[in-house]
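Take a moment with the chain before reading on. Follow it from one end to the other, then come back to the text.

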Amino acid sequence: MAKDPVRVLVTGAAGQIGYALVPMIARGVMLGPDQPVILHMLDIPPAAEALDGVKMELVDAAFPLLKGVVATTDVAEACKGVNVAVMVGGFPRKEGMERKDVMTKNVSIYKSQASALEQHAAPNCKVLVVANPANTNALILKEFAPSIPAKNITCLTRLDHNRALGQISERLSIQVSDVKNVIIWGNHSSTQYPDVNHASVKTPGGEKPVRELVSDDAWLNGEFITTVQQRGAAIIKARKLSSALSAASAACDHIRDWVLGTPEGTWVSMGVYSDASYNVPAGLIYSFPVTCKNGEWSIVQGLPIDEFSRKKMDATAVELSEEKDLAYSCLS
């Protein structure tokens, strides 16, 4: 029996990431090859013509799973009845701008979009914030959409998670699908902590720890971490544009695993509302290792944390607490 279509909102849909993301959703990459979708695309009025162009291309692509397209600059219309919301739109930091200036702009955007989701989205709507500062934008959205459960508001750190998997696979010259259970702790920023202490690799002789196979602690505790932390900047330097393809792909991975579940024995990284697990202050949106089942995520518990990791995890939590305070000061 055919499934009912799922309504998926993409904000900033005429931008780089949006343009890469909407065909992936329409093709079934996000919700599965048998799940029909109706795309809701939102952008700002100056991008209205470009947004219409994206809609035309979606029609021209004749995606069998795509059962409708809403392309609008009206936030209430965009949010009406949506089951999944991918918040790509935001105000990027420009040269010469102070962090508080960027935060003020984004607080204003996320306050308004949160209110629209609160009033118009479907009950139990799942929200993924991609636009930076992603963790703090998600926190603002949570504040102004109180009827959306806190567990339904997340931010994207899957891109960092996938980058970490990619670096290990390149280092060991193996398939990326054979590496699992890296962790991104904390903020989607240069203070994030990519952790391989619990990661493993599938080998002909069974699963082996990444640390044992790499056999180079100096690289794992140094260059590996900074490469993952700075990968976005490296791509901007190379492309003169920010990561779009990989960000869109990671957003699909995040929602797909959340909705359809993670494989047995595998966890992924998601920015979620902290419940004080691993002594991370409650009330932050912080990236943890999670497993997903029946549309719900759960933080993986009981992993041993060494002193090196503890310092890194605490440092990124401090940055997030400072961002939270800055964001709240922009509200007053």
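Why is strand 12 (residues 268-273) largely enclosed by the rest of the structure? The reason is that 5 of its 6 residues are buried. Buried means under 20% relative accessible area, exposed means over 50%, and partly exposed lies in between (1.4 Å probe, protein chains only). Strands here are DSSP runs of E with at least two residues, helices are runs of H or I with at least four residues, and both are numbered from the N terminus.

A word on the source. This is a predicted model, with residues numbered from 1 along each chain as its sequence is written. Local features need pLDDT of at least 70, side-chain atom pairs count only at pLDDT 80 or more, totals for chains, interfaces and linings use all residues, and side-chain values use heavy atoms, with hydrogens and water left out.

Stay with strand 12. Strand 12 pairs with strand 13 (residues 285-293) in the antiparallel sense, over 6 bridges. Two strands count as paired if DSSP finds at least two bridges between them. In general, strands of a sheet pair through backbone hydrogen bonds, either parallel or antiparallel.

Now look at the loop between strand 12 and strand 13. Alanine 276 lies in this loop. Its phi is positive, about 80°, although it is not a glycine. Alanine 276 counts as partly exposed because its relative accessibility is 39%. Tyrosine 278 lies in that loop too. Tyrosine 278 also has a positive phi, near 55°, and is a residue other than glycine. Its relative accessible area is 11%, so tyrosine 278 is buried.

Next, step back to the region around these strands. UniProt, in an unreviewed entry, places the feature "domain: Lactate/malate dehydrogenase C-terminal" at residues 157-326. UniProt positions use the numbering given here, feature names are shortened, and annotations may be inferred rather than shown by experiment. Over residues 157-326 the chain is 45% helix and 21% strand. The end C-alpha atoms of that stretch are 21 Å apart.

Which strands make up the open sheet of 3 strands? The order is 7-10-11, with antiparallel pairing. Strand 7 (179-180) and strand 11 (206-209) are the edge strands, and each pairs on one side only. Strand 7 is joined to strand 10 (residues 200-203) by 2 bridges. Here valine 179 stands opposite valine 201 in strand 10.

Valine 179 leads on to a pocket. Val179 is one of the residues nearest the centre of the second largest pocket, along with Val176, Ser177, Lys180 and Thr266. The lining has 19 residues. Pockets are found on a 1 Å grid over the protein atoms alone: a pocket is an open set of points where a 1.4 Å probe fits, with protein on both sides within 12 Å along at least five of seven lines, and lining residues have an atom within 4 Å of a point.

Turn to histidine 188. The UniProt annotation "active site" (unreviewed entry) covers His188. Histidine 188 sits in the loop between strand 8 (183-185) and strand 9 (193-195). Is histidine 188 buried or exposed? Histidine 188 is buried, because its relative accessible area is 18%. Leaving aside neighbours within four places in sequence, histidine 188 is in contact (heavy atoms within 4.5 Å) with Asn132, Asn135, Leu156, Thr157 and Asp160.

The UniProt annotation "binding site" (unreviewed entry) covers several residues, including Asn132. Asparagine 132 lies in the loop between strand 5 (126-129) and helix 5 (134-144). At 43% relative accessible area, asparagine 132 is partly exposed. A cis peptide bond joins asparagine 132 and proline 133, with omega about -5°.

Finally, check the cysteines. How many disulfides does a search of the whole structure find? The search finds 0; a disulfide is a pair of cysteine sulfur atoms within 2.5 Å. The closest cysteine sulfur to that of cysteine 252 is in cysteine 292, 15 Å away, so it is too far for a bond.
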